[in-house]
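Work through the exercises below with the sequence and the model side by side. Try each task before reading its solution.

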Amino acid sequence: MFERFTKDARAVVLGAVDHAERLHAETVEEQHVLLALLDREASRASFALMSLGLAERKESVEQALAEARRRGGLSRADADALSGLGIDVSEIVSRVEEAHGEGALRAGGTGAGRGRSWWSGLVGGHRPFAQGAKDLLTESLRMALAQRDRYIGDEHLLLALAARPGVPAEVLADHGVTYASLRRVLYGGGEAKAG
């Protein structure tokens, strides 16, 4: 499948590995793919993000992702659901950090997705891809096929991120970037409306 990735999509995958390494994550996660997409310039995905006003708010996206990592990778929706059961995630995070230091619940340290796969081999054996990141890459193929594209571009990675439930999609939506708005910008030909 990787042979179908464009130069920009390959750069995103490699950039995700770099972000995982910089953040000391054991595995490459979907959030690392989003961070790598935010780094891109002069690509279809960067055009879409710029059109939707996200390029100027990169720092805000990074902060939202960092906060989710601090919650152990839980989305705000997950934390709200737990709150409905009487579980205060903020209180748990505070108590764990008091005892074990800031960032003690940071996601990515569980070893999820361990083991070598063809994904880890394609980037020189760096950090392995967690199952969610592998699924994202597979979903990007589905996005490309749905558009009848013979390649997988960084725009397909971005669409897949926005379509999949989880922290990256939640953070994108909080910043006005949804699957529907991305589709309008990338394929609709009309003016994009956030949300």
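The model is predicted: local features need pLDDT of at least 70, side-chain atom pairs count only at pLDDT 80 or more, and totals for chains, interfaces and linings use all residues. Residues are numbered from 1 along each chain as its sequence is written, and side-chain values use heavy atoms, with hydrogens and water left out.

**Exercise 1. The whole chain**

Task: State how many helices and strands the protein chain has, and what share of its residues is buried.

Solution. 
- Step 1. Helices (H or I, at least four residues) and strands (E, at least two) are DSSP runs, numbered from the N terminus.
- Step 2. On this basis the protein chain has eleven helices and zero strands.
- Step 3. Buried means under 20% relative accessible area, exposed over 50%, and partly exposed in between (1.4 Å probe, protein chains only).
- Step 4. Of the 195 residues in the protein chain, 44% are buried.
- Step 5. Contact means heavy atoms within 4.5 Å. Take the contacts between residues at least 6 apart in sequence: 61% of them join residues at least 24 apart.

**Exercise 2. Confidence**

Task: Find which element has the lowest mean pLDDT and which has the highest.

Solution. 
- Step 1. pLDDT is the predictor's confidence in each residue, from 0 to 100.
- Step 2. The chain has a mean pLDDT of 83, and 78% of its residues reach 70 or more.
- Step 3. The pLDDT is below 50 over residues 107-124, a stretch with 42 contacts in the model beyond near neighbours in sequence.
- Step 4. Residues 190-195 also have pLDDT below 50, with twelve contacts in the model beyond near neighbours in sequence.

**Exercise 3. Two helix pairs**

Task: Describe how α9 packs with α11, and how α1 crosses α2.

Solution. 
- Step 1. Two packed helices are described by the angle between their axes and the distance between the axes.
- Step 2. Axes are lines fitted to C-alpha atoms, for helices over the stretch in contact, and angles run from 0 to 180 degrees between N-to-C directions.
- Step 3. The axes of α9 and helix α11 (residues 179-188) lie 9 Å apart, at an angle of about 160 degrees.
- Step 4. Angles under 35 degrees count as roughly parallel, over 145 as roughly antiparallel, 65 to 115 as roughly perpendicular and the rest as oblique. The helices α9 and α11 are therefore roughly antiparallel to each other.
- Step 5. A crossing is left-handed if the near helix is turned anticlockwise from the far one by less than a right angle, and right-handed if clockwise. For α9 and α11 the crossing is left-handed.
- Step 6. Residues of α9 including Glu155, His156 and Leu158 meet residues of α11, among them Tyr179, Leu182 and Tyr187.
- Step 7. In the other pair, the axes of helix α1 (residues 7-22) and α2 come within 8 Å and cross at roughly 115 degrees. This crossing is right-handed.
- Step 8. The contact involves Val12, Gly15, Ala16, His19 and Ala20 of α1, and residues of α2 including His32, Val33 and Leu35.

**Exercise 4. Histidine 156**

Task: Is histidine 156 buried or exposed, and what does its side chain make a polar contact with?

Solution. 
- Step 1. Histidine 156 is found in helix α9 (residues 154-163).
- Step 2. Its relative accessibility is 0%, so histidine 156 counts as buried.
- Step 3. A polar contact is a pair of N or O atoms within 3.5 Å; within protein, one must be able to donate a hydrogen and the other to accept it, and residues adjacent in sequence count only if both atoms are side-chain atoms.
- Step 4. The side chain of histidine 156 makes such a contact with the side chain of aspartate 149 (2.8 Å).
- Step 5. Leaving aside neighbours within four places in sequence, the contacts of histidine 156 include Ser140, Met143 and Tyr187.
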